[in-house]
Amino acid sequence: MTAYEDFAGREILPPQEGPDPVNAPMIRHWAEAMGDRNPIYLDEDAARATGRTGIVAPASMTQAWTMRGYARAPDGGGAGGAPGAEELYALLEKDGYTSVVATDSEFEFHRELVVGDRVSVREVVESISPEKSTALGAGRFVTTVRTYTDQHGEVVAVQRWRLLWFRPKASSSGERAPKASRPRPVINRDNAFWFEAAREHRLVIQRCAGCGTLRHPPGPCCPHCGSFEWDTAEASGRGQVYSFVVNHHPRHPAFGYPLIVALVELEEGTRLVTDLIGVEPGEVEIGMPVVLDWLDADPGLSLPVFRPQLGDVS
């Protein structure tokens, strides 16, 4: 048995209550940012018409209720942790696994969260893989299970969370190592069509075949009418900056910094998170017109990026 196998079943985050109860303002901000117009999240009457007692939080927000942000706790302890976490992180660092990237997140939802719920989370190591060779470098996949409970101790959701802790590749000749590969997106049955179209430099939007509603990110079911039937619409490639951030840290060797990450609202009405290129951070403005460009990260991965619209592109 290796030292890593000893960690299976160990707690790395003791039960910890989120900083705020489930509340309508945060639900509203989330729904607006995601472009999710499902009325059961914001409209009390619409929620009651479905048999619910009132509005509910989107299931995708479960983890958000336990996030503490960047501020340290008043006692200087930050988010806290168990002794097992410090031991694990020290072992990973000792073995040179100094970089980390998320690879998978699987959720099992037990019930919907309602306004006033207090969500807590506990995290336990499920498994740590033998060392694997990856495009980013040699590393280990650390899989943990996060259990989310309410104020009564009842389980509301379970999340299986997998991170790759890796040793960045270095040049054996002592020369500067080539630029790292861009982290791979998680492709599944719901979004494979989108990435296949992107490889052909086509930006498509999933469209409900029942009511015609466009949606992004892709999903199996229309949030408007509930239909599972869908096709796609071709995007014009024009849009505007709805929101943006400028990333400086933490740095990943596959990206150039400062890195402008924008939430672009397409002409068709859906939004997507994308890189903004061809512009300095200080020049970006909310509402700035942008047009589609393409980033060919490698032979198997092409991604849409956007640049400022210059002149008439009609």
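D293 is partly exposed, at 26% relative accessible area; the term covers values between buried (under 20%) and exposed (over 50%), with a 1.4 Å probe and protein chains only. R307 is also partly exposed, at 32%. R307 and D293 form a salt bridge, with the closest N and O atoms 3.4 Å apart. A salt bridge here is a side-chain nitrogen of Lys or Arg within 4 Å of a carboxyl oxygen of Asp or Glu. The pair links strand β14, which holds R307, to strand β13, which holds D293, 14 residues apart.

The model is predicted: local features need pLDDT of at least 70, side-chain atom pairs count only at pLDDT 80 or more, and totals for chains, interfaces and linings use all residues. Residues are numbered from 1 along each chain as its sequence is written, and side-chain values use heavy atoms, without hydrogens or water.

Now the sheet. Five strands form an open sheet in the order β12-β11-β10-β13-β14, with antiparallel pairing. Strands are DSSP runs of E, at least two residues, numbered from the N terminus; two of them pair if DSSP finds at least two bridges between them. β12 (271-275) and β14 (301-308) are the edge strands with a single partner each, so one side of each lacks a neighbour in the sheet. Eight bridges join β13 (residues 289-298) to β14. Within β14, F306 is the bridge partner of L292.

Other charged pairs follow. R271 and E265 form a salt bridge at 3.0 Å between the closest N and O atoms. Both R271 and E265 are buried. R167 meets E131 in a salt bridge of 3.2 Å, N to O. R167 lies in strand β6 and E131 in the loop between β3 and β4, so this pair ties together parts 36 residues apart in sequence.

Technical notes
Helices (H or I, at least four residues) and strands (E, at least two) are DSSP runs, numbered from the N terminus.
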